Amino acid sequence: MATSVVLQKVEKRYGSLDVIHGIDLTIDPGEFTVFVGPSGCGKSTLLRMIAGLEEISGGALLLDNERMNEVAPAKRGIAMVFQSYALYPHMSVYKNLAFGLETAGYKKAEIEPKVRRAAEILQIEKLLERKPKALSGGQRQRVAIGRAIVREPRIFLFDEPLSNLDAELRVQMRVEISRLHSSLGNTMIYVTHDQVEAMTMADKIVVLNSGRIEQVGAPLDLYNNPANRFVAGFIGSPKMNFLKAKIDQVNDGDTTVSVCGSAIRLPRRLKGSAGQDVTFGIRPEHLGVADAGTALATVNVDLVENLGGATMLYTTTPDGQQLTIALDGQQKVERGTNVKTSFDPARCHVFDASGATI
Ligand SMILES: Nc1ncnc2c1ncn2[C@@H]1O[C@H](COP(=O)(O)OP(=O)(O)OP(=O)(O)O)[C@@H](O)[C@H]1O
Ligand SMILES: [Mg+2]
């Protein structure tokens with residue numbers, strides 16, 4: 001049975017410094033939850049409080065509805081995998097996997113099947129006799145995950161476990177961790193800076209900013225319906241474009257907004273009023289250079305990136321704002337030329353001065 005995790009008004013203070021400001025969060029049993037947010041926003045601190053490696057300054061942590069604040073880390077049934085996975089260099093892979101169980105007092109005969117099973121899940125059976133220095137980075141990270149698996153925890157916590165690996169290995173390990181989650185079914189919480197990891201691995205993404213939650217939701221919910229400008233800019237890669245805009249007119253079924261000198265009719269009523277300064281948001285992949293859709297502006301192309309599967313245009317609008325356009329496939333666009341850009345008005349976002357989506 002997988003375990004639920006509930007944070008109730010959880011706070012963290014280091015002396016007089018408040019770093020986590022009352023977080024409320026429910027993670028359902030078996031859910032794969034990803035914490036994202038800028039450096040220093042409190043992701044690791046939250047994980048460490050859940051693991052019991054940091055004291056909780058205020059509020060409550062419940063696992064399966066049982067308060068854990070005062071429970072010792074070893075009694076919580078949690079295993080944590082870190083970015084810097086310090087394996088014991090003088091021990092074989094087998095011994096690295098077995099060591100934690102030995103110190104916890106398990107007998108040899110109990111340890112062996114646990115180690116074999118973890119090695120099988122991670123496909124490192126053939127490496128058990130090797131020392132860590134004879135392993136690749138990905139294999140070492142698998143051993144580190146194996147050390148968590150042998151403990152049969154009810155919850156796995158991962159703090160940027162793949163950030164030391166090269167791009168190709170990251171992709172491979174990302175798929176393996178997702179597979180591990182579907183075969184074990186445990187509750188997992190995963191911290192990452194990587195957009196693709198967050199979007200592809202998560203059942204639920206928690207976007208954090210300066211010790212507070214900005215939004216919680218399924219990856220595509222956050223992508224399609226960001227609650228505010230922060231989430232809109234944080235979820236999705238390349239980043240959403242933000243342009244200065246003003247509301248011209250609000251009607252029952254539509255709103256006219258002026259952006260880059262064009263008056264644009266949006267097919268919905270915005271929660272704002274005529275004359276109000278707003279920010280207009282549109283994702284690079286939702287902009288086109290064909291005549292289809294609503295014209296946004298004629299922009300000057302500063303730089304073209306041909307990625308093979310996509311073409312990125314870095315452009316400047318007539319009023320001097322930066323606009324990134326992502327086109328499918330290989331497009332012939334010359335640097336220094338002007339292109340007309342258009343979009344589907346149903347796909348844009350508008351934010352008020354406080355950053356809230358309106
Ligand atoms: N022991 C400590 N004493 C004082 N402040 C701390 C301590 N540990 C962390 N902090 C502060 O708490 C805040 C949150 O840190 P945390 O490590 O949780 O950030 P993070 O989101 O994991 O960042 P990163 O993405 O860089 O790993 C930061 O401002 C950090 O400086
Ligand atoms: Mg961290």
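Helix α2 crosses helix α4 in a right-handed sense. In this predicted model, the two helices, α2 at residues 93-103 and α4, pack with their axes 9 Å apart and at an angle of about 35 degrees. From α2 the contact draws on V93, N96, L97 and L101, and from α4 on V143, G146, R147 and V150. Sorted by class, the residues of the contact between α2 and α4 are five nonpolar, two polar and one charged.

Helix α4 also meets helix α5. Two packed helices are described by the angle between their axes and the distance between the axes. For α4 (residues 137-150) and α5, the axes come within 10 Å and cross at roughly 20 degrees. Angles under 35 degrees count as roughly parallel, and α4 and α5 are therefore roughly parallel to each other. The crossing of α4 and α5 is right-handed. On the α4 side the contact residues are G137, G138, Q141, R142, I145 and I149, and they meet L169, Q172, M173, E176, I177 and L180 of α5. Six of the residues in this contact of α4 with α5 are nonpolar, four are polar and two are charged.

Six strands make up an open sheet with mixed pairing, and their order is β6-β7-β8-β3-β9-β10. Strands β6 (78-81) and β10 (212-217) are at the edges; each has a single partner strand, so one side of each is left without a neighbour in the sheet. From one strand to the next, the twist averages 15 degrees.

In one between R154 and D64, the side chains meet at 3.8 Å, N to O. The pair links distant parts of the chain, 90 residues apart: R154 is in the loop between α4 and β7, and D64 is in the loop between β4 (58-63) and β5 (66-67).

The backbone at D64 also deserves a look. Most residues other than glycine have a negative phi, and most peptide bonds are trans. D64 is not a glycine, yet has a positive phi of about 45 degrees. Another backbone feature is the cis peptide bond from S237 to P238, with omega near 0 degrees. P238 sits in the loop between α8 (229-234) and β11 (241-250).

Strand β16 (residues 294-306) pairs antiparallel with strand β19 (residues 338-343) over six bridges. Here the bridge partner of T298 is K340 in β19. Strand β16 also pairs antiparallel with strand β17 (residues 310-316), over six bridges, and in β17 the partner of L303 is Y314. Together β16 and β17 form a hairpin with three residues between them, and in the turn G308 has a positive phi of about 95 degrees. Strand β17 in turn pairs with β18, in the antiparallel sense and over seven bridges. In that pairing, A310 is opposite D328 in β18.

Notes. Residues are numbered from 1 along each chain as its sequence is written. Chains are lettered from A and ligands numbered from 1 in the order in which they are written. This is a predicted model: local features need pLDDT of at least 70, side-chain atom pairs count only at pLDDT 80 or more; totals for chains, interfaces and linings use all residues. Side-chain values use heavy atoms; hydrogens and water are left out. Two strands pair if DSSP finds at least two bridges between them. Helices (H or I, at least four residues) and strands (E, at least two) are DSSP runs, numbered from the N terminus. Axes are lines fitted to C-alpha atoms, for helices over the stretch in contact, and angles run from 0 to 180 degrees between N-to-C directions. Angles under 35 degrees count as roughly parallel, over 145 as roughly antiparallel, 65 to 115 as roughly perpendicular and the rest as oblique. A crossing is left-handed if the near helix is turned anticlockwise from the far one by less than a right angle, and right-handed if clockwise. Contact means heavy atoms within 4.5 Å. Ala, Val, Leu, Ile, Met, Phe, Trp, Tyr, Cys and Pro count as nonpolar, Asp, Glu, Lys and Arg as charged, and the others, Gly among them, as polar. A salt bridge is a side-chain nitrogen of Lys or Arg within 4 Å of a carboxyl oxygen of Asp or Glu.
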